[in-house]
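Please read this report with the sequence and the structure open side by side.

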Amino acid sequence: RKYLETKHIGREIFYFDTLDSTNLKAKELAANEQKEGTVVIAEEQTNGRGRLGRSWSSPKKKGIWMSIILTPEIEPTDAAKVTQVAAAAVWKGINEVGVKTQIKWPNDIVLNGKKVCGVLTEMSGELNRLNYLVVGIGINANMSDEDFPEEIRGLATSLKIELNKEVERKELIGRILNNFEELYEELIHNNSIDKSIKICVENSALIGKDVRLILKGKEEEAKAIDISKEGELIIQDKNGDISKIISGEVSVRGL
Ligand code: BT5
């Protein structure tokens, strides 16, 4: 806790040796009245989850597998903004320990073209009312190549592989939560994520590049040109037409 300087994010931490998924545990806690700011951390996940039913490899003591419970008063349609806030906070935290990564909209952090972190935001609520959000953050801190399942070697990397030394996970967790609280407060108090978007744009792995998008099952090529104030990716197609993409609708790969 010596690195934590927050007022409410991470003031209550539930720590586990093994969990199926920190997001599942956080949702269970949130449904049982755990409040905003509570953080769930596990040394290992046996059923770590990615988006769209994909899995997240989470070997014991090698990474940071954590989830934050949030109850912001925002529209359910604004939930994706929190993913941008989390990506920016992780980028800053990793930058503070000496590694310059890139943010790959909407939810990845990459290093030398390989994935080092993924964010999974899940929500509970109705059409016009948000109950709670759970923001899951998975960071490959101290894995070696052989710690990754064979099928993702070459696509995944860790901070240790790039730095050639172990990172202190507690320090990184503290820094990320400090940054998260600061950036999240902008959303709560000013209903804006401008500071987070600035970080996501300035350190984007996509902007200015040609990208391939899967839009409603169809593959399309376009140029990524910006991220909107709402956190959508702004693209320009071959005809010069500009459109905005909401996260969740597409998967994006650099060409
Ligand atoms: C994500 O999904 O990137 C979101 C990952 C969120 C993980 C955190 S850990 C704490 C919390 N609790 C959970 O259960 N989840 C969250 P997506 O964009 O769908 O990417 C998933 C894909 O990334 C997989 O299909 C693999 O190809 C790849 N992958 C799996 N494990 C990986 C790892 N450790 N490092 C890099 N890539 C990985």
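## Contacts and overall build

Take the contacts in the protein chain between residues at least 6 apart in sequence: 62% of them join residues at least 24 apart. This is a predicted model. Its secondary structure comes to 5 helices and 12 strands. The radius of gyration is 17 Å, close to the 18 Å that the globule rule gives for 255 residues, so the chain is as compact as a globular protein of that length.

Along the principal axes, the C-alpha atoms fill a box of roughly 50 × 45 × 30 Å. Of the 255 residues, 51% are buried. The accessible surface comes to about 12400 Å². Carbon and sulfur atoms account for 45% of that surface.

## The seven-stranded sheet

An open sheet is built from 7 strands. Their order is β1-β2-β3-β7-β6-β5-β4, and the pairing is mixed. At the edges sit β1 (13-19) and β4 (102-104), each pairing on one side only. From one strand to the next, the twist averages 20°.

Within this sheet, β6 (residues 114-126) and β7 (residues 129-140) run antiparallel and are joined by 10 bridges. Gly118 has Gly138 in β7 as its bridge partner. Helix α4 (residues 169-190) lies across β2 (39-45), β3 (63-70) and β7. The helix runs at about 30° to β3.

## Two hairpins in a row

Strand β9 takes part in two hairpins, one with β8 and one with β10. β8 and β9 (residues 218-227) pair in the antiparallel sense over 6 bridges. Asp210 stands opposite Lys223 in β9. This hairpin has 2 residues between the strands, and Lys216 takes a positive phi near 50°.

β9 also runs antiparallel to β10 (residues 233-236), with 4 bridges between them. Here Ala224 stands opposite Ile235 in β10. The β9–β10 hairpin has 5 residues between its strands. In its turn, Gly231 has a positive phi of about 95°.

## Ser124, in a strand

Where is Ser124 found? Ser124 belongs to strand β6. Its relative accessible area is 19%. The cut-off for buried is under 20%, so Ser124 counts as buried.

Which residues does Ser124 touch, not counting those up to four places away in sequence? They are Leu130, Asn131 and Tyr132. Gly208 is another matter: Ser124 and Gly208 are 35 Å apart in space, C-alpha to C-alpha. In sequence, the two are 84 residues apart.

## Ser204, in a loop

Ser204 is found in the loop between α5 (194-202) and β8 (210-215). Is Ser204 buried or exposed? Ser204 is buried, with a relative accessible area of 11%.

The side chain of Ser204 reaches the backbone nitrogen of Ile207 at 3.0 Å. Leaving out residues up to four places away in sequence, Ser204 touches Gln102 and Ile103.

Methods. Residues numbered from 1 in each chain as written. Predicted model: local features only at pLDDT ≥ 70, side-chain atom pairs only at ≥ 80, totals over all residues. Heavy atoms only, no water. Pairing = 2+ DSSP bridges. Axes fitted to C-alpha atoms, helices over the stretch in contact; angles between N-to-C directions. Contact = heavy atoms within 4.5 Å. Buried < 20%, exposed > 50% of the residue type's maximum accessible area, 1.4 Å probe, protein only. Polar contact = N/O pair within 3.5 Å; in protein donor to acceptor, adjacent residues only side chain to side chain. Rg over C-alpha atoms; globule rule 2.2 N^0.38 Å. Areas by Shrake-Rupley, 256 points an atom, 1.4 Å probe, with all protein chains shown as cover.
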